[in-house]
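Me: I have a structure here that I have not looked at before. Can you walk me through it?
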Amino acid sequence: MLLAMLPGGALAQAAATEAPGVSASTLLQTILGLALVIGILLLAAFFLRRLNGGRGFGSNGPLRVVGGLMIGPRERIVLVEIDDTWIVVGLVPGQIRTLHTLPKGELKPGSDGERHFAQWLKQITERKNEGS
């Protein structure tokens, strides 16, 4: 209401003295507040991990994923360990099925299977090229 009583030139002059944008002190205060919040989150995660015995979150049960294999874009086979038993599980969208159960054992390196697959693929492509 007081601004309405000022002449038009005084109103324009008052508006010109205020700088548009954010002041440096406001920007600094915002950055320090954000750094404080991030620091508190990191500190809380550190203490929660220490209370959990150094293990990651959710790894405190008898269930452990030993390995997995992608069959398709949304299909997967997973080897799950529960105590002294391995369970082979098939995962598809909206469904989980037990494929096989076996006693816990040792995993062989996967390089042999990869070599066999590479040899098979090479033979198939050579046959295809010979036929063309």
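Reply: What follows is a short chat about this predicted model.

Me: What does the secondary structure of the protein chain come to?
Reply: There are 4 helices and 4 strands in the protein chain. Along the sequence, the pattern runs α-α-α-β-β-β-β-α.

Me: And what is the mean pLDDT of the chain?
Reply: The mean pLDDT is 77, and 70% of the residues in the protein chain reach 70 or more.

Me: Which elements have the lowest and highest mean pLDDT?
Reply: Helix α1, residues 2-5, has the lowest mean at 51. Helix α3, residues 24-51, has the highest at 92. Where pLDDT is low, the predicted coordinates should not be read in detail.

Me: Different topic. How many of the residues count as buried?
Reply: The chain has 132 residues, and 8% of them count as buried. Its accessible surface comes to about 11,600 Å², with 64% of that belonging to carbon and sulfur atoms.

Me: What about contacts between residues 24 or more positions apart?
Reply: Among contacts in the protein chain with a separation of 6 or more, such pairs account for 2%.

Me: Where is F117 placed?
Reply: F117 is in helix α4, which covers residues 111-131.

How values were computed:
Residues are numbered from 1 along each chain as its sequence is written. This is a predicted model: local features need pLDDT of at least 70, side-chain atom pairs count only at pLDDT 80 or more; totals for chains, interfaces and linings use all residues. Side-chain values use heavy atoms; hydrogens and water are left out. Helices (H or I, at least four residues) and strands (E, at least two) are DSSP runs, numbered from the N terminus. pLDDT is the predictor's confidence in each residue, from 0 to 100. Buried means under 20% relative accessible area, exposed over 50%, partly exposed in between (1.4 Å probe, protein chains only). Contact means heavy atoms within 4.5 Å. Accessible areas come from the Shrake-Rupley method with a 1.4 Å probe; for residues, only the protein chains shown count as cover.
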